[in-house]
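Morning, everyone. Please have a look at it first.

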Amino acid sequence: MPDTILRFAPSPTGGFHVGNARTALFNYLYAKHYGATLLLRVEDTDRARYTDDSLKTILDGLSWLGIASDGEPVFQSQNEEAHKKAVEQLLASGNAYYAYETPEEIDVMRKEALAAKRRVHYNRELTAEQVAAFEAEGRAKVVRFRVPDGDTVWTDKIRGVQRWGNVEIEDFVVARSDGSPVYNLAVAVDDHNMGVTLVLRGADHLSNTPKQIMLFDALGWDVPEYGHSTLILGNDGSKLSKRHGATTVTEYQEQGFLPETLFNFLALLGWSSGDEREVFSHDELVETFSLEGMHTRDTVFDLKKLTWLNGEQVRLRPVDQIVEDAIPIWVSEGWISEGDVDGRREELTQIATLLQPRLNTLDDLRKTGYFFNEPENYDEKALKKHWKTDTPERLAAYIDRLEALDSFAEEDVEGVTRTLAGELNMSASKLIHPTRLGLCGVGFGPGLFELMAVLGQETCLRRLKKLLEVAG
RNA sequence: GACCCCGUCGUUCAGUGGUUAGGACACCGGGUUUUCAUCCCGGCAACGGGGGUUCGACUCCCCUCGGGGUUACCA
């Protein structure tokens, strides 16, 4: 049994759409799970829309996600000779012909075809005189594939037997009037030349498959196997596009989602393990993946679930990794500088430890300025709720106690807090809430005592005194 | 319009002839906690409809309805 060769064939004409990323992921998982080869082919034949930037975005996205292909990428534009040769072969064997219809004529033919409920019939049998006349006229000609009679059938690895009546497919263009190859031809030729044996792609390619199979047949080549996964939908049920919000890997990366989250989430969009597990690591996914788990039902991209999953993945990361994630964000906020990092690593690690359980996205790290700066104002709601008439007096007493502490470790701070509360015959929360407000400016955050220990005695005292001044 | 794909809670996955139709996200309660988050407990909520087949259908078949995709000298 020959090795399975897969390919991922993005077209660098824009961002790295999550749907494409998912296709890449399924190919990758298949390759890793079943021990196949995954090739990367860059479909750069649309010169008008191609950009280097887009190619870089896709390549960066793949490596960010941890999706590696085997060997060097193939650039479709460099296979033009092979494409042309195939077109000539098709012409020579009578499987393709020159068509001279003008766009205007095609327009009319389409309307007729629509009215007659059939496909467009192009003139397949031009006489030598007609050809000479068109040439003399200087009419442009394209090469069209002569779609044979009968059905095109394949057994889809995901959907089972698929049958298309060829009458539903009009003679499609394989080479433009400038001689350049059109998509389906280029794909068939490249897949053949790269030795591709299994094409795994989205359901949006379902209608291309019979065309490509016919091309393989006409060229006398072995037809690869095909498997078509689902479509990713927006929340209104239509194919996920810009109007639904973020659609590219890059955007999610920028919003603070982790690569392992996308990797995990994308896999769940069109595949499931069969059991109830949903949180997977890279290795678990490779191990658990199977073609049998692939779905045929389109799935909606649920941002809420992605966010939840990201929280799960954040909690799975080692805290040192969270520190690394946080550093560039805190630097960009101006809270720390690159130079600080090495000297403050222990402190930063403590902060990350407190933050990790309550992070949904890395972006949440941008709301943690109180670890680095004094609050500039105090949340009004929290102030109203926790600032009573006797609060200043109690806080003053609390400050005295804190000032007297020799050790500012978490348990010492907690001890002195509870002791004072006991002496004043009140609940510790009467101290805790105003203190949090003074330290953070907001009414929520990590456990107060661990927070205070990380901030340190001096900082806590300074901030509490300021609060007393401003609010008291 | 034609062709194709799909049809279980709002979303998602499981269920493959006999189940109180299960899990997750979201949502709503409750517990834990100094707050938030985490965590724990509980609740809400679905087999689109109609015919068959069968002793028995969410599961099989047909029709219908609904949603989506494709219908290019884009990829």
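This is a predicted model: local features need pLDDT of at least 70, side-chain atom pairs count only at pLDDT 80 or more; totals for chains, interfaces and linings use all residues.

Which helices and strands each supply at least two residues of the surface near RNA strand B?

Chain A has 20 helices and 12 strands.

Start with the overall form. Along its principal axes, the C-alpha trace of chain A spans about 110 × 50 × 40 Å. The radius of gyration of chain A is 32 Å, whereas a compact globule of 472 residues would have one near 23 Å. Of those 472 residues, 32% count as buried. Now take contacts between residues at least 6 apart in sequence. In chain A, 78% of them join residues at least 24 apart.

Next, the domains. The assignment for chain A gives four entries. Domain 1 is 1-72 + 230-316, and domain 2 is 80-175. Domain 3 is 319-366, and domain 4 is 380-471. Look at domains 1 and 3. Their centres, taken over C-alpha atoms, are separated by 28 Å. Eight residues of domain 1 are in contact with seven of domain 3. On the domain 1 side, the touching residues are two nonpolar, five polar and one charged.

Back to the opening question. Two strands are on the list: S7, at 160-165, and S12, at 299-300. Three helices are on it too: H11 (303-316), H18 (429-440) and H19 (448-455). Each of these elements supplies at least two residues of the surface near RNA strand B. Helix H18 gives the largest share, with four residues.

How many residues surround RNA strand B? There are 55, and the closest are Ser11, Glu43, Arg176, Phe444 and Gly447. By class, this surface has 19 nonpolar, 18 polar and 18 charged residues.

Now the inside. In soluble globular proteins, nonpolar side chains tend to be buried together. Here, the largest nonpolar core has 80 residues. Leu25, Leu266 and Ala267 have the most contacts inside this core. Helix H1, residues 18-34, gives the most to the core: nine residues. What does Leu25 touch, leaving aside its neighbours within four places in sequence? Leu25 is in contact with Ile67, Phe263, Leu266 and Ala267. There is also a second, separate core, with 18 residues. Among them are Leu90, Val143, Val174 and Leu215.

Stay with helix H1 for a moment. Asn20 lies in this helix. Is Asn20 buried or exposed? Asn20 counts as buried, because it has 24 C-beta neighbours inside 10 Å, and the cut-off for buried is 20 or more. Asn20 and Phe8 are 12 residues apart in sequence. In space, C-alpha to C-alpha, Asn20 and Phe8 are 8.8 Å apart.

Last, two backbone details. Most residues other than glycine have a negative phi. Lys117 is not a glycine, yet it has a positive phi of about 50°. Where is Lys117? It lies in the loop between helix H4 (103-115) and helix H5 (128-137). Lys117 is exposed, because it has 6 other C-beta atoms within 10 Å, and 12 or fewer counts as exposed.

Then there is Asn425. Its phi is also positive, about 60°, although Asn425 is not a glycine. Asn425 sits in the loop between helix H17 (410-423) and H18. Asn425 is exposed, with 6 other C-beta atoms within 10 Å. H18, remember, gives the largest share of the surface near RNA strand B.

How values were computed:
Residues are numbered from 1 along each chain as its sequence is written. Chains are lettered from A and ligands numbered from 1 in the order in which they are written. A nonpolar core is a set of buried Ala, Val, Leu, Ile, Met, Phe, Trp, Tyr and Cys residues joined through C-beta atoms within 7 Å. Two residues are in contact if their C-beta atoms, placed from the backbone, lie within 7 Å. Domain bounds come from an automatic or database domain assignment. Ala, Val, Leu, Ile, Met, Phe, Trp, Tyr, Cys and Pro count as nonpolar, Asp, Glu, Lys and Arg as charged, and the others, Gly among them, as polar. A residue is near a molecule or strand if its C-beta atom, placed from the backbone, lies within 6 Å of it. The radius of gyration is taken over C-alpha atoms; the globule rule is 2.2 Å times the number of residues to the power 0.38.
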